[in-house]
Amino acid sequence: KEKLIERLEEAKKSLISEVVTGKVKVVKTNDGYELVKRSSEEMKDSGVEWIGNIPSGWSTIKNKYLYSLLYSGGTPTASEGKFYTEEGCPFVAISDMSTTEYVTETKKHLTKDGIANKNLKILSSGTILYSIYATVGVVSELMIDATISQAMLAIELKSKINKSYYKYNLKAMKDYIFSQANGNTQFNLNAEKVSNFVFCFPPLSEQQAIASYLDEKTSQIDSLIALKLEKITELKDYKKSIIYEYVTGKKKV
């Protein structure tokens, strides 16, 4: 089951990469969407290593031309009790966003003094979060108004790009980002590097079709993974109970 989860994760990653870079075309049908492989005559060289060939009607564009805000937060001194509270402004740490697609709650909250200590911006629900320290390349989205630590960037997009399609671009280039890392040191990103990321840029209607297709298919894969994880947990619990019952004499061999 663990091997199957690995294969499902790889399948999801491959699907996102193929679709978001235009290697296959998303076509709307009466039953939803289907994929059609593009011929080599329909493609051109993008000039970008991680993207490869793209459809002739597409272009590439640097990230800095797509967003209206690229912002990194900060972390008030943890030992200062006056900066933290139970009911204040939500404060997103890397652990709050690294395991979820949508941030709906945080472990820590800041007081007004805490926000002022690092001159933090309160970000609106809907802001994209992108991790740049330690756990690099994770994409999430705020579902609450919140402040963030320096371990991530907040991104607000201009209207000419579909948000979901944009997030899939970030996910698609994750392996390439790690391939550029120096294996001898902890790999981190910064705002300048992220602003110079290069993405595929099809017409908005095609972005929307791609996003809708991937939302549906990745959700199906995630549901399968969740079922397998649940079954693994059940099996591990069963194994523990068997060991406990026999070594403590509750059951006899």
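Two strands pair if DSSP finds at least two bridges between them. That rule applies to strand 1 and strand 2 in this predicted model, where 6 bridges join the two strands. Lysine 25 has valine 36 of strand 2 as its bridge partner. The protein chain holds 7 helices and 15 strands. Of its 253 residues, 41% are buried.

**Overall layout**

- Along the principal axes, the C-alpha atoms of the protein chain fill a box of roughly 70 × 60 × 45 Å.
- Take the contacts between residues at least 6 apart in sequence: 69% of them join residues at least 24 apart.

- Strand 1 (24-29) and strand 2 (residues 32-37) run antiparallel.
- The two strands form a hairpin, with 2 residues between them.
- Strand 8 (residues 89-92) pairs with strand 13 in the parallel sense, over 2 bridges.
- Valine 92 has isoleucine 148 in strand 13 as its bridge partner.
- Strand 9 and strand 12 pair in the parallel sense over 2 bridges.
- Tyrosine 102 has glutamate 141 in strand 12 as its bridge partner.
- Strands of a sheet pair through backbone hydrogen bonds, in either the parallel or the antiparallel sense.

**Helix 1 against helix 7**

- Helix 1 (residues 2-20) packs on helix 7 (residues 204-247) at an angle of about 170°, and the axes are 10 Å apart.
- Angles over 145 degrees count as roughly antiparallel, and helix 1 and helix 7 are therefore roughly antiparallel to each other.
- By class, their contact has 15 nonpolar, 1 polar and 7 charged residues.
- Lysine 12 is found in helix 1.
- Its relative accessible area is 16%, and lysine 12 is buried, since buried means under 20%.
- Beyond residues up to four places away in sequence, lysine 12 touches Thr218, Ile221 and Asp222.

**Nonpolar cores**

- The largest nonpolar core has 42 residues.
- Tyr130, Tyr166, Leu189 and Phe197 have the most contacts inside this core.
- Helix 1, strand 1, strand 11 (128-131), strand 14 (152-157), helix 4 (163-172), strand 15 (198-201) and helix 7 each supply at least two of the core residues.
- Apart from this core lies another, of 21 residues; among them are Val92, Leu120, Val138 and Ile148.

- Asparagine 169 is found in helix 4.
- Its relative accessibility is 0%, and asparagine 169 counts as buried.
- With neighbours within four places in sequence left aside, asparagine 169 is in contact with Val20, Trp50, Phe199 and Cys200.

**Loop residues**

- Tyrosine 133 lies in the loop between strand 11 and strand 12 (139-142).
- Tyrosine 133 is partly exposed, at a relative accessible area of 33%.
- Not counting residues up to four places away in sequence, tyrosine 133 touches Ile94, Gln150, Ala151, Asn188 and Leu189.
- Tyrosine 133 and glutamine 150 are 17 residues apart along the chain, and their C-alpha atoms are separated by 8.2 Å.
- Asparagine 119 is in the loop between helix 3 (112-117) and strand 11.
- At 67% relative accessibility, asparagine 119 counts as exposed.
- Phi of asparagine 119 is near 50°, a positive value in a residue other than glycine.
- Most residues other than glycine have a negative phi.

How values were computed: Residues are numbered from 1 along each chain as its sequence is written. This is a predicted model: local features need pLDDT of at least 70, side-chain atom pairs count only at pLDDT 80 or more; totals for chains, interfaces and linings use all residues. Side-chain values use heavy atoms; hydrogens and water are left out. Axes are lines fitted to C-alpha atoms, for helices over the stretch in contact, and angles run from 0 to 180 degrees between N-to-C directions. Helices (H or I, at least four residues) and strands (E, at least two) are DSSP runs, numbered from the N terminus. Angles under 35 degrees count as roughly parallel, over 145 as roughly antiparallel, 65 to 115 as roughly perpendicular and the rest as oblique. Ala, Val, Leu, Ile, Met, Phe, Trp, Tyr, Cys and Pro count as nonpolar, Asp, Glu, Lys and Arg as charged, and the others, Gly among them, as polar. A nonpolar core is a set of buried Ala, Val, Leu, Ile, Met, Phe, Trp, Tyr and Cys residues joined through side-chain atoms within 4.5 Å. Buried means under 20% relative accessible area, exposed over 50%, partly exposed in between (1.4 Å probe, protein chains only). Contact means heavy atoms within 4.5 Å.
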